[in-house]
Amino acid sequence: MNYKFLLIIGIIVILLVGIGAAYIMLRSSSPSTTTTTTTTTTSTNSTSTSTTTNNNFYFLAFTQKGIAQVLNPFSSSQSFLGFQRLVNISTSVPTQVYYWEEVPLGVSLKYVFMPLNNGTVYVVNTTNFKVVKTFEVGKSVGFIGVSISPNGEYAAIADGPSGVVEVINVQSLQTVWSKDFVSSVGKTYYPCDVRWTPDGTELLIPMRFNNSIDIISAANGSLINVKPTSLGSQPYMLSPNDQGTMVAVEFVGNNSVGFYSLPNLQLMGMVQMPSGLVPQRGVFTPDGKYYLEAPSNNNTVVVISTSNFQVVKEISLPEISPAGLADIEITPGGSYAYVVMHGSVSTGGMIALISLSTLSLSYTLPLTTAPSIVIPITQSLGAYLVNNVMLPPVTGLHC
């Protein structure tokens, strides 16, 4: 009797030990499996985000001969997709040269504003490429440019020689307001650049001959803040970051780039350009960590860190003559910065793409003549223009 009782007790103990061990194994193995799965998923997402590049765009380039071109920067064999003559401008006078146009990423273009450096701005309808209106902002030869608002509803024009800044309603093509920035003795303060703050409420303007950086209301042009700079510094161009916390200003009087806080314009850092380079136009990377400066007298892009305001790299671009970079902007999707190199009408210019993930030259697009302004467009708009509006490319066409 005792033997049977002990045998039963032993069997029960063995079963309990086995069940307990199995339970412990299941508990310890379950979190381990979950952790492994989560880690793998996170790693995959991170890799995918950091390596994704956006090549889904074309370029719309206006040449100094009055020709519009649709270009594919990622095809060496079929880069020139189509062209259209817009205006008959003599190639022997300075009024043929357009300067810059800044279009925010993602804005759909109904019109393109094409500035000439004689104070004239042509408005081109992107559906048929006809000039639908002409604005006479000034009458003197000199720096002029256009900046489209973040929502695409307004265009701000700055004409340095005349001292005029005005805002145009893009839909109605009517002037919202126009202001003259001239001294009491009639001297222009030379507003040769204008940029919108990211929220679209204010305009940032460097007054070259007033040695000041001005913030004005985008609604009516009234002055909000004036930041005096050192005598003879000549603030020339400027660009705000996407975060709306900082603006970089190119000074051609002392070949430096100044960084100021927004909206109070407190100086955060000043960077002297290396090797006698003359600053002209720059752009912040989308994350705001770097400022890419494109000098006017050398085919080099200078990379400036916004954490310590030091030059951390110089990116060499192909040599073309005359040396110097005309513009630098960010492409749709934020994968590249594209640099416009004017070159010359006779020998040609170039568009260069810099990878923002590696801060190195990725693609070059040689052009048979000098580009004036270059704007990224969607591939669908480019295909529409090539198929319905523009003429097919011609081998050896020098336009």
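This is a predicted model: local features need pLDDT of at least 70, side-chain atom pairs count only at pLDDT 80 or more; totals for chains, interfaces and linings use all residues.
Residues are numbered from 1 along each chain as its sequence is written, and side-chain values use heavy atoms, leaving out hydrogens and water.

First, confidence. pLDDT is the predictor's confidence in each residue, from 0 to 100. The protein's mean is 85, with 83% of its residues at 70 or more. Residues 21–50 fall below 50, and beyond near neighbours in sequence this stretch has 0 contacts in the model; contact means heavy atoms within 4.5 Å.

Now to strand β17, residues 246–251. Helices (H or I, at least four residues) and strands (E, at least two) are DSSP runs, numbered from the N terminus. Is β17 enclosed or open? In β17, 6 of the 6 residues are buried, so the strand is largely enclosed by the rest of the structure. In a regular strand, side chains alternate between the two faces of the sheet. Here Met 246, Ala 248 and Glu 250 are buried on one side, and Val 247, Val 249 and Phe 251 are buried on the other.

Who are its partners? Two strands pair if DSSP finds at least two bridges between them. β17 pairs antiparallel with β16 (residues 235–240) over 5 bridges, and Met 237 has Glu 250 as its bridge partner. That hairpin has 5 residues between the strands, and Gly 244 takes a positive phi near 75 degrees.

Finally, let's visit an open sheet of 4 strands, ordered β3-β2-β1-β28 with antiparallel pairing. β3 (80–85) and β28 (371–378) are the edge strands with a single partner each, so one side of each has no neighbour in the sheet. Neighbouring strands are turned by 20 degrees against each other on average, direction ignored. β1 (residues 57–63) pairs with β28 over 7 bridges, and Ala 61 stands opposite Val 374. Helix α2 (residues 379–388) lies across β1, β2, β3 and β28, at about 115 degrees to β28. Axes are lines fitted to C-alpha atoms, for helices over the stretch in contact, with angles from 0 to 180 degrees between N-to-C directions.

Technical notes. Buried means under 20% relative accessible area, exposed over 50%, partly exposed in between (1.4 Å probe, protein chains only).
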